[in-house]
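Trainee: Please take me through one part of this model closely, starting with the contacts around the first ligand. Then connect that part to the rest.

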Amino acid sequence: MRKRLTIVYTGDGKGKSTAAFGLLFRAKGHGFRCGVLQFIKSKPEHWGEYKMARSLSIPWENYGCGFTWQQKDSGPTISEVNKGWKRAQEWIESGEFDLIILDELTYPLKEKWINTDSVISYLQSLPEEAPHIVITGRNAPEALISCADTASRIENIHHHFAEKNTAAQKGIEF
Ligand code: ATP
Ligand code: MG
């Protein structure tokens, strides 16, 4: 019998978003109707995961202006991420999805740009037939972790970026 799940991938190690995309790949193999909403990050056109999603006709929308330490004013980002959360609710309630990834949602929750309690109440109110929800990002609020059916914290042991002059690698980072 199907049980609707909320799954959280958090922690400082590399592999949160790629774990979510791995689930999407698995679910798509069963014909699940999947979608991706990505918070904070913008302009995904050159990323392998976006190109792959497009080739499989998987809806994907971005709500962000890039990471905010690159910006003087967080106002536009706050407005974007709130549009993104509204869009998430539309998708969830549409009946058109079996699995939705909310990639990097934890960042606007941690910054309190989206209210964590209201997200948790919403997730808890969903009926069993609603889509599975996968949330990724560093610093997931503890309350979100507690409410999730499954939560994994990916620990950083080491990362190739720590080596001097190691750039983001095609097919590994993007
Ligand atoms: P990925 O998309 O590779 O699964 P992620 O979702 O776990 O990564 P994010 O916080 O979204 O991690 O950051 C994405 C980018 O930051 C990737 O380019 C990734 O290689 C890099 N990154 C992730 N973890 C670390 C780390 N511990 N040290 C340095 N860079 C990291
Ligand atoms: Mg990520």
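Mentor: Start at Lys-16. One of its backbone N or O atoms lies 2.8 Å from an oxygen atom of ligand 1. That is a polar contact, meaning a pair of N or O atoms within 3.5 Å; within protein, one must be able to donate a hydrogen and the other to accept it, and residues adjacent in sequence count only if both atoms are side-chain atoms. Glu-173 makes a contact too: an N or O atom of its side chain is 2.8 Å from an oxygen atom of ligand 1. Arg-138 meets a nitrogen atom of ligand 1, with a side-chain N or O atom 3.1 Å away. The protein covers 81% of the 580 Å² of accessible area that ligand 1 has on its own. Such areas come from the Shrake-Rupley method with a 1.4 Å probe; for residues, only the protein chains shown count as cover.

How many residues surround ligand 1? There are 14, and the closest are Lys-14, Lys-16, Thr-18, Glu-104 and Glu-173. To count as near, a residue needs one heavy atom within 4 Å of the molecule or strand.

A word on the ground rules. This is a predicted model, in which local features need pLDDT of at least 70, side-chain atom pairs count only at pLDDT 80 or more, and totals for chains, interfaces and linings use all residues. Residues are numbered from 1 along each chain as its sequence is written, chains are lettered from A and ligands numbered from 1 in the order in which they are written, and side-chain values use heavy atoms, with hydrogens and water left out.

How confident is the predictor? pLDDT is its confidence in each residue, from 0 to 100. The chain averages 95, and 98% of the residues score at least 70. Among the elements of the chain, strand S1 (residues 6-10) has the highest mean, 99. Helix H3 (residues 75-94) has the lowest, 96.

Glu-104 leads on to the metal. Ser-17 (OG) and Glu-104 (OE) coordinate the magnesium ion, ligand 2, at 2.1 Å. Ser-17 sits in helix H1 (residues 16-29), and Glu-104 in the loop between strand S4 (99-103) and helix H4 (106-110), so the pair ties together parts 87 residues apart in sequence. Donors here are N, O and S atoms within 2.8 Å of the metal (3.2 Å for Na, K and Ca); water is not among the atoms, so sites may look incomplete. Helices (H or I, at least four residues) and strands (E, at least two) are DSSP runs, numbered from the N terminus. Buried means under 20% relative accessible area, exposed over 50%, and partly exposed in between (1.4 Å probe, protein chains only).

Now move past Arg-138. Asn-139 is in the loop between strand S5 (132-136) and helix H6 (142-147). Its phi is near 55°, a positive value in a residue other than glycine. Asn-139 counts as partly exposed because its relative accessibility is 46%. Strand S5 itself holds Ile-133. Ile-133 is buried, at 0% relative accessible area. It is 98 residues from Gly-35 in sequence, yet the two C-alpha atoms are 10.0 Å apart in space.

Return to helix H4. In the loop between H4 and H5 lies Lys-112. Lys-112 has a positive phi of about 65°, although it is not a glycine. It counts as exposed because its relative accessibility is 73%.

Next, the rings. The whole structure has 5 aromatic pairs. Trp-91 and Phe-97 have ring centres 4.5 Å apart and planes at 20°, so this pair is stacked. Tyr-107 and Trp-113 pair edge-to-face, 6.0 Å centre to centre with 70° between the planes. Rings of Phe, Tyr and Trp (its six-membered ring) pair if their centres lie within 6.5 Å; planes under 30 degrees apart count as stacked, over 60 as edge-to-face and the rest as tilted. Trp-91 is buried, at 5%. Phe-97 is buried, at 8%. Tyr-107 is buried, at 19%. Trp-113 is buried, at 15%.

Ring pairs also link Phe-21, Tyr-50 and Trp-60 into a cluster. The side chain of Trp-60 makes a polar contact with that of Asn-62, at 2.7 Å. Asn-62 lies in strand S3 (residues 60-63). A polar atom of its side chain is 2.9 Å from the backbone oxygen of Lys-41.

Methods
pLDDT is the predictor's confidence in each residue, from 0 to 100.
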